[in-house]
Amino acid sequence: MEEKKEKIKISEVYSEAMNDIKSVFGLDKLQELKVKYLAKKSIIMTLLSGLGALPPEERKEAGQELNQTRNNIAKLIEQKESELRKEELEKKLKKEEIDITLPSRNVDVGGVNPFYVVKDEITDIFLNMGFEVADGPEVETDLFNFELLNIPKDHPARDMQDTFYISENVLLRTHTSPVQAHTMQAAEGKPIRIICPGKTYRRDDDDATHSHQFAQIEGLVIDKNINIGHLKATLELFVKKMFGEKREIRLRPSYFPFTEPSVEVDITCANCNGKGCSMCKGTGYIEILGGGMVHPNVLKMNGYDPDVYSGFAFGIGIERVAILRYGIDDIRKFYQNDVRFLHQYKKKA
Ligand code: PHE
């Protein structure tokens, strides 16, 4: 009799639990059911702890049944819990939908320093004319920076090109012209058409127009029958591509030890179109680069017969072109990384 009564009780507890769990809403209500059916004071747990009072032959069966029921209820609760959690997450995700029509926060995109914009533009212009880009070391020997360019020791031209010396014969190059000598020696008598953009150094007091470090683009063409007309045509094309079709050039006689004849190249002032203004100091022209026909001594020293070969060379100051192009008033601004400066020229670049 006793046993029968208990059995009915257990199966009733189980079906009640099943119904409760099935119809429960919300995780906190489920937590309450967990307490009701599985906590220490729940019916099942109370019956379990009362097993000891049963006669030994009944204890085993009753114990198994109680444990089974408890495990089943625990499993049902677990299933329901994961179901409810899923539902809750879905609800939350729906509520938190992102509104993609809202304007995004402003992301500040950097710009290219106008120095590099101009350097790349100059390079492109010459690449389109069939030049190749050559390279050379910034730490040079006295031999390549001076001697092989027809500037022997004690030559007065060295005064204008004082620099940083690493040792007596090793220095930071004062111009990109040593790349002329390197290229000629490597080409071993074959025709040459190169440009070389690169950093150069001089002992200068830094001010609005001088910097101890600046940059040049060297140009060198060597072949049979090269004359100064080729130099002029090349530079004219460069100036028109860089500064616009309206710009004219003027060659003025000048002096460099490694070119003969040597020229200084001016362009008509963009501000006044050649009439004369404060920007060009009333002359109508602004100087932009130096060049000339490669000196026979330089050809000879670097492996070319000046009776067979001739050539022209030029050196363009990159900052100078950028300053003219953008109307920048201080060379130091290129190197200071002031974002206000970089922003100012971002659009134009
Ligand atoms: N190297 C010269 C300078 O720095 C420029 C130059 C290059 C002149 C090539 C003539 C030929 O002033």
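Predicted model: local features only at pLDDT ≥ 70, side-chain atom pairs only at ≥ 80, totals over all residues.
Residues are numbered from 1 along each chain as its sequence is written, and side-chain values use heavy atoms, with hydrogens and water left out.

A word on names: helices (H or I, at least four residues) and strands (E, at least two) are DSSP runs, numbered from the N terminus. Two strands pair if DSSP finds at least two bridges between them.

β3 and β4 (residues 170–172) run antiparallel and are joined by 2 bridges. They belong to an open sheet of 3 strands, ordered β2-β4-β3, with antiparallel pairing. β2 (139–141) and β3 (165–167) are the edge strands, each pairing on one side only.

Further along, there's a hairpin made by β7 and β8, with 2 residues between them. Strand β7 (residues 249–256) pairs with strand β8 (residues 259–268) in the antiparallel sense over 7 bridges. Serine 254 has serine 262 in β8 as its bridge partner. As a reminder, most peptide bonds are trans, and most residues other than glycine have a negative phi.

Which takes us to asparagine 150. This residue is not a glycine, yet its phi is positive, about 70°. You'll find asparagine 150 in the loop between α6 and β3.

What else is in that loop? Glutamate 147 and arginine 158 both lie between α6 (142–145) and β3, so their pairing ties together parts that are 11 residues apart in sequence. They form a salt bridge, with the closest N and O atoms 3.8 Å apart. The rule there is a side-chain nitrogen of Lys or Arg within 4 Å of a carboxyl oxygen of Asp or Glu, and by that rule we count 19 salt bridges.

Last stop, the surface. Asp28, Glu32, Glu87, Glu88 and Glu90 gather in a patch of negative charge. Patch residues have over 30% relative accessible area and no salt bridge, with like charges joined within 9 Å; the areas are Shrake-Rupley with a 1.4 Å probe. α2 (27–38) and α4 (56–95) each supply at least two of the patch residues, and α4 gives the most, with 3. Glutamate 90 is in helix α4.

Technical notes: Patch = residues over 30% accessible without salt bridge, like charges linked within 9 Å, V, L, I, M, F, W, Y side chains within 5 Å. Lys, Arg positive; Asp, Glu negative; His and termini not counted. Charge placed at Lys NZ, Arg CZ, Asp CG, Glu CD.
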